[in-house]
Amino acid sequence: MAEDPKDWDVETRLVRGGMARSPHGEISEALFLTQSFAYESAGAADRRFSGEEPGFIYQRFANPTTQMFEDRLALLEGAEMCKATASGMSAVHAALTGLLRAGDHLISGRALFGSCRWIIAEWLPRFGVETTLVDATDIDAWRAAVRPNTKAFFLESPANPLLEVAPIGAIAEVAHAAGAKLVVDNVFATPIFQKPLVLGADIVVYSATKHIDGQGRVLGGAILGGAELMQESYRDLLRHTGPALSPFNSWVLLKGLETLDLRVRRQTDNAAKVAEAVGAHGKVKKIIYCGRRDHPQAAVIANQMTGAGNVLAFDLGSQEAAWRFLDALAIVDISNNLGDAKSLATHPSTTTHRSMPEEERLKIGLTPGWVRMSVGLESPRDLVRDVSRALDAA
Ligand SMILES: Cc1ncc(COP(=O)(O)O)c(C=O)c1O
């Protein structure tokens, strides 16, 4: 009897969702490394292009391997539609430009990954889009920023790098009352621990480079949402501007999804242990982790996240101390990526957030002593030993 994949639990969706077998009956999904497709006749090509007949046309539009990745991720997210892109940043860029025109206004949380901030504060205004940055945790600030021409809201939650958490449902209500769409970057929470569409968001974006690959290999991104909004906002934009994800990267990410739930849960267990050791160390002035009761938005986390995730941030008081810590690590690598099987730590002020003006960094509390750490799959005992020793040296 045929099963409806929508009835499957998450683990089954991740392993089997979107699978489209070729006539060979392969167990591992096929990698269709082809740019274009042959038609049986000129008439068949005409029907394919007109949309009268379904089928693939060109890799910039769609590809069978990429489609499997999109369908699997859509099934996990509970979205009607997913379009994959070549990186997380191409997903953020397309997600916003597809909703906005010259003369429109965008409101965004101000705690953002450096490149997201650059698109919003520097790039979109060049095309006549007005933008306002607000404290994403303050619902009145969103409400007060609304203008008659506000068409989109954007936020990261938890935000990069200090894990600020925004109340997604309440912000969605403000957006919808203003006639605007809410776009949520769900990278830090992962699709395992937070479902922005269920909370009221219209569009979700991912850097699949992070946990979805999770093994440091490829870049990728995704935009997800309702079919009608996705079609009208993104179909032509993605076809004609070409940020398509390569079939090879799609295949790697499709296989990454199979182990996503296992990896993210184990990484989160490890992160809780590392956070406990970091929080108890005398050199640490402040720690932020979504699994701690002293997180400033702990009540919001309890409401909208089902797990704390694998990223933590801590303040060592000065750039010198932060760098001494990083340079003393023996197992954990110094790297700006996150979500990887390998534990990685970075100094955001001089890496991921260096393009953010200093005054903006200070507004989000990012002083030079902060370190951001993404906890991986190594033994938690080894990680705690490495981090504790490096903190002693800080
Ligand atoms: C929150 C967030 N969004 C988007 C991105 C961009 O993703 P990518 O590097 O895949 O373009 C990153 C990190 O790079 C990120 O941390």
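Q: What share of the contacts in the chain with a separation of 6 or more comes from residues 24 or more positions apart?
A: Such pairs account for 74% of those contacts, where a contact means heavy atoms within 4.5 Å. The model is a predicted one, in which local features need pLDDT of at least 70 and side-chain atom pairs count only at pLDDT 80 or more, while totals for chains, interfaces and linings use all residues. Residues are numbered from 1 along each chain as its sequence is written, and side-chain values use heavy atoms, with hydrogens and water left out.

Q: How many helices and strands are there?
A: The chain has 17 helices and 12 strands; these are DSSP runs numbered from the N terminus, with helices being H or I of at least four residues and strands E of at least two.

Q: What is the radius of gyration, and what would a compact globule have?
A: The chain has 21 Å, which agrees with the value near 21 Å for a compact globule of 394 residues. The radius is taken over C-alpha atoms, and the globule rule is 2.2 Å times the number of residues to the power 0.38.

Q: And how much of the chain is buried?
A: Buried residues make up 53% of the 394 residues. Buried means under 20% relative accessible area, exposed over 50%, and partly exposed in between, with a 1.4 Å probe and protein chains only.

Q: Changing topic, how many disulfides are there?
A: The count is 0, a disulfide being a pair of cysteine sulfur atoms within 2.5 Å.

Q: What is phi at Leu163, then?
A: Phi of Leu163 is near 60°, a positive value in a residue other than glycine. Leu163 is placed in the loop between β4 and α7 and counts as buried at 1% relative accessibility.

Q: Where is Thr190, and is it buried or exposed?
A: Thr190 is in helix α8 (residues 190-193). Thr190 counts as buried, at 2% relative accessibility, and its phi is near 70°, a positive value.
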